[in-house]
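Open the model in your viewer and keep the selection tool at hand. The tour goes stop by stop, with something to select at each one.

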Amino acid sequence: MQLSKRISTLTGDGSDGWDVFNRARKMIASGEPVIELTIGEHDVRTDPTILAAMDASARGGHTGYATVAGVNALRERVASRLTERTGVATRPGNVMITPGGQSALYSAHHAVCDEGDVALFIDPYYATYPGTIRGVGAVPRAIPTDASDAFQPGRDALEAAAPGARSLLINSPNNPTGVVYDRATLERIAQTCIAHDIWLISDEVYDTQVWEGTHLSPRALPGMLERTLVVGSMSKSHAMTGSRCGWIVGPEAVIEHLITLATHTTYGVPGFVQDAAIYALDQGPALEDKVSAPFRRRRDLAQKVLGAQNAVTAVPSQGAMYLMLDIRATGLSGEEFANALLDAHKIAVMPGESFGQAAAGHLRVAMTVEDEVFLEALERLCAFAASYT
Ligand SMILES: Cc1ncc(COP(=O)(O)O)c(C=O)c1O
């Protein structure tokens, strides 16, 4: 039987750049002691108090179908969180709760792109972006950035890609680069969207992980309210990756269509998960800071290690749980280096190439193991790079 073109071409052609990750997983499964710095997941589990709220909700009977758009109390919490953080008045009608940011990204593209429309995204990119875009029948078009500009998109690249495009997907704080877009970049992006009548999809799932500068949501920029869809999630901010709870914020008319889409696809998010998210959001920044603290601390430790050597250059690490390291001085590609590092030192990191051509010759290091192990891995990585220079 023949499958649809859409599903069979979802991940595109060629190597998916996940060979190192797959090899590391196999080594771990066969008992080898690999230091795993590949995946963006906390080394702590969901806070026990959040689990207690989830348990109480489930035992209290919230195990039936929940309202498709999300329970009102959670839509309210998300709306007031955005109002407080961005200064833009946001109502529950501007919010739909989704099964994680991933589903929100898919739904947002579904809402604004027709079959064959060009959907822009910035290279380097979170690995699933092109597949998400293909999944709705749109055509992914990458906007290249350069390490020398801290991977922030420049005006020329934006203007070259924009004509005829329907949407632009951005992500700040950024996975994989750890870069936080500055106001000038966001204004440039906004101007491009307005000039070319493009929807902006702003993936802000790392908004609580900012080590330098400030997180700005482009939805708050002049002229952007009616053309921006913000994607958010409890995954990274509250270590709730497995709970699958996120949201889309946008104009009410778009949210209404998205609720219709959810009615025919996901049918919403479990009520007990949403109640746990309400509890978690009610704890305010204290809990968010507790979850993000290990990454902030490890990023500071990494700055010291990286500052004391010159085989590896760090891209400014301003946010999110990753370091982007430039290893071009070794003469190796990111893939070659990551494979060699795994063989020689049993340290698994992601080759930059897994996240697009703009990150070639780089490595993404997830700061997701305890401090001592992380430091040791980073020191060994730098010494390994030095052996090639
Ligand atoms: C940039 C970015 N967006 C979205 C997601 C999806 O997160 P979730 O579906 O767990 O909310 C991730 C997960 O790693 C991510 O890194």
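How many salt bridges does the count come to? The count is 22 salt bridges in this predicted model. Side chains of opposite charge can pair when their charged atoms come close.

**Stop 1: the loop between α5 and β3**

Select glutamate 115 and arginine 6. They form a salt bridge, with 2.3 Å between the closest N and O atoms. Which parts does the pair tie together? Glutamate 115 sits in the loop between α5 (100-112) and β3 (118-123), while arginine 6 belongs to helix α1 (residues 5-8), so the bridge ties parts that are 109 residues apart in sequence. Glutamate 115 is exposed, at 60% relative accessibility. Arginine 6 is partly exposed, at 33%.

Is aspartate 117 buried or exposed? Aspartate 117 is buried, because its relative accessible area is 16% and the cut-off for buried is under 20%.

**Stop 2: inside helix α14**

Select arginine 380 and glutamate 376. Their closest N and O atoms lie 2.4 Å apart, in a salt bridge. Both residues are in helix α14 (residues 371-386), four residues apart, or about one turn of the helix. Arginine 380 is partly exposed, at 25% relative accessibility. Glutamate 376 is partly exposed too, with a relative accessible area of 38%.

Now select Asp43, Arg297, Arg298 and Asp371. Salt bridges with shared partners join these four into one network.

**Stop 3: α12 against α14**

The crossing of α12 past α14 is right-handed.

Show the side chains at the contact. From α12, pick Arg297, Arg298, Leu301, Ala302, Val305 and Leu306. From α14, pick Asp371, Phe374, Leu375, Leu378, Glu379 and Cys382. Color them by class: eight are nonpolar, four are charged and none is polar.

**Stop 4: α5 against α10**

Select α5 and helix α10 (residues 252-263). Their axes come within 10 Å and cross at roughly 115 degrees. How do α5 and α10 lie to each other, and what is the handedness of the crossing? The helices are roughly perpendicular, since that class runs from 65 to 115 degrees. α5 passes α10 in a right-handed crossing.

Bring up the contact residues. Ser107, Ala108, His110 and Ala111 come from α5, and they meet Val254, Leu258 and Leu261 of α10. By class, five of the contact residues are nonpolar, two are polar and none is charged.

**Stop 5: two cis prolines**

Move to the loop between β5 and α8 (183-195), where proline 173 is found. Select serine 172 with proline 173. A cis peptide bond joins them, with omega at about -10 degrees.

Proline 176 lies in the loop between β5 and α8 as well. The peptide bond from asparagine 175 to proline 176 is cis, with omega near 20 degrees.

**Stop 6: positive phi**

Select alanine 320, in the loop between β9 (313-314) and β10 (322-326). Alanine 320 is not a glycine, yet its phi is positive, at about 65 degrees. How accessible is alanine 320? Its relative accessibility is 0%, so alanine 320 counts as buried.

Finish at lysine 346, in the loop between α13 (334-345) and β11 (347-351). Lysine 346 has a positive phi near 55 degrees, and it too is a residue other than glycine. Lysine 346 is partly exposed, with a relative accessible area of 27%.

Definitions and conventions. Residues numbered from 1 in each chain as written. Predicted model: local features only at pLDDT ≥ 70, side-chain atom pairs only at ≥ 80, totals over all residues. Heavy atoms only, no water. Salt bridge = Lys/Arg side-chain N within 4 Å of Asp/Glu carboxyl O. Buried < 20%, exposed > 50% of the residue type's maximum accessible area, 1.4 Å probe, protein only. Left-handed = near helix turned anticlockwise from the far one by under 90°. Contact = heavy atoms within 4.5 Å. Nonpolar A, V, L, I, M, F, W, Y, C, P; charged D, E, K, R; others polar. Axes fitted to C-alpha atoms, helices over the stretch in contact; angles between N-to-C directions. Parallel < 35°, antiparallel > 145°, perpendicular 65-115°, else oblique.
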